[in-house]
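Dear colleague,

Please find the structure below, handed over for your reference. A written account of what was found in it comes after.

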Amino acid sequence: MGGTGRLGRALVPMLVAAGHRVRVMARGVSTSLPETAGGGVEFLHGDLASETDCMEAVAGCTTAVFAASGFGVTGSDPRAVDRDGAMRLVRAAAAAGVEHVVMMSMHGAAPDGPIEYLRCKAAAEETVRTSGMAWTVIRIGALLEQRLETITAPLESKGKVLVFGSGSAPVTYTSEQDAAAVVLRALSDPALRNRVFEWGTQTLTGNELAQVVLSRAGHGKVKRIPPAAERFLSIAARPFSPFLARVAGAAIWEETGAAAFQPAPSRAEFPDIPVTGLQQVLESAEAGCQR
Ligand SMILES: NC(=O)c1ccc[n+]([C@@H]2O[C@H](COP(=O)([O-])OP(=O)(O)OC[C@H]3O[C@@H](n4cnc5c(N)ncnc54)[C@H](OP(=O)(O)O)[C@@H]3O)[C@@H](O)[C@H]2O)c1
């Protein structure tokens, strides 16, 4: 589920290369789905809001990976996708005899978490833990590539890189490649069964991230979004851009420092899973632009 999203687009080729047969289910809204299967991948148009679609998605599968999200996509929201969609999918998987479910979650997920997304993720985690199937919950940090895209959106047109809040709060990011690599490992390594696992790449403040981007770009300035503007947007933007409102709400949470965690203990347990850090992410983005 979510095989056409950011993480999904990194994961699917890894799964295929490792010899897995893959079925991807998505609505085809954020990214259109190919009409035909190819390269070891079957594409299914389906909505996590539909029990029938969820049943069809998992039929005949041994493993299900939930990498869908309603946080950043058009016409969806975390309650419908990250909570209710995940619960529907897990129930369908259990009924279909799926053996193992990997649930993508986020550092900070908790039933009483300060933002809705974290509460939705906690509900999905609880469903998978009590499903009767083998399970793995992978809590990642904010995806590094998505954050880079957000802060550099006005760089070419306005010469600005965005810094949310004070810019001094540390945030632990996970790169798409790193998140995909740990999902792949979870499918085969019993050490990753029946546990909640945090997987991070790098901890940076907003100021640090902006400085790295600006020095690579060789031009531009920082544009600050002050905490008061974040608070305003987290409420006022809801009617016209629920996504912007969610981003502003997440930025307020990040300002508390709670979005930082220590990736080292998990990394020490699985030292052979490669790290794709900020420099590599920027280099591959630049290489992509030049092609
Ligand atoms: N991005 C982050 O910073 C972050 C942080 C922590 C955890 N995570 C988790 O990591 C996973 C991957 O995140 P991502 O950022 O790669 O996701 P993403 O790029 O936002 O992609 C979302 C995916 O979910 C699908 N989707 C959305 N609504 C759906 C629905 N109603 N029915 C079926 N599919 C639906 C989308 O396809 P269609 O729209 O075409 O249906 C797309 O494939 C998610 O579980 C997310 O919650 C992400």
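The notes that follow take up the sheets, the helix packing and the surroundings of the ligand.

The model is predicted, so local features need pLDDT of at least 70 and side-chain atom pairs count only at pLDDT 80 or more, while totals for chains, interfaces and linings use all residues. Residues are numbered from 1 along each chain as its sequence is written.

Helices (H or I, at least four residues) and strands (E, at least two) are DSSP runs, numbered from the N terminus. Two strands pair if DSSP finds at least two bridges between them.

Four strands make up an open sheet with parallel pairing, in the order 3-4-5-9. Strand 3 (63-66) and strand 9 (195-199) lie at its edges with a single partner strand each, so one side of each has no neighbour in the sheet. On average, neighbouring strands of this sheet are turned by 20 degrees against each other, direction ignored. Axes here are lines fitted to C-alpha atoms, for helices over the stretch in contact, and angles run from 0 to 180 degrees between N-to-C directions.

Strand 3 and strand 4 run parallel and are joined by four bridges. Val65 has Val102 in strand 4 as its bridge partner. Helix 3 packs on this sheet, where it touches strand 3 and strand 4, and its direction makes about 180 degrees with that of strand 3. Contact between two residues means that their C-beta atoms, placed from the backbone, lie within 7 Å.

An open sheet of three strands has the order 6-8-10 and mixed pairing. Strand 6 and strand 10 (202-205) are its edge strands, each pairing on one side only. Strand 6 pairs with strand 8 (residues 170-174) in the parallel sense over two bridges. Leu143 has Thr174 in strand 8 as its bridge partner.

**Helix packing**

Helix 3 and helix 4 (residues 116-129) pack at an angle of about 5 degrees, and their axes are 8 Å apart. Helix 3 is therefore roughly parallel to helix 4; angles under 35 degrees count as roughly parallel, over 145 as roughly antiparallel, 65 to 115 as roughly perpendicular and the rest as oblique. Among the residues that meet here are Arg79, Asp82 and Arg83 in helix 3, and Glu116, Tyr117 and Cys120 in helix 4. This contact of helix 3 with helix 4 comprises eight nonpolar, one polar and five charged residues. In this classification, Ala, Val, Leu, Ile, Met, Phe, Trp, Tyr, Cys and Pro count as nonpolar, Asp, Glu, Lys and Arg as charged, and the others, Gly among them, as polar.

The axes of helix 2 (residues 51-58) and helix 3 come within 9 Å, crossing at roughly 50 degrees. These two helices, helix 2 and helix 3, are therefore oblique to each other. The contact is made by Glu51, Cys54, Met55 and Val58 of helix 2 with Arg88, Leu89, Ala92, Ala93 and Ala96 of helix 3. By class, helix 2 and helix 3 bring seven nonpolar, no polar and two charged residues to this contact.

Helix 9 (residues 227-236) and helix 10 (residues 242-255) have axes that come within 7 Å and cross at roughly 140 degrees. Helix 9 is therefore oblique to helix 10. The contact of helix 9 with helix 10 has eight nonpolar, two polar and three charged residues.

**Around the ligand**

Of the 33 residues around the ligand, those that come nearest are Gly5, Arg6, Arg27, Ala68 and Ser69; a residue is near a molecule or strand if its C-beta atom, placed from the backbone, lies within 6 Å of it. Helix 1 (6-17), helix 3 (79-96), strand 4 (100-106) and strand 6 (142-143) are the elements that give two or more residues to this shell. The shell around the ligand divides into 16 nonpolar, 13 polar and four charged residues.

With kind regards
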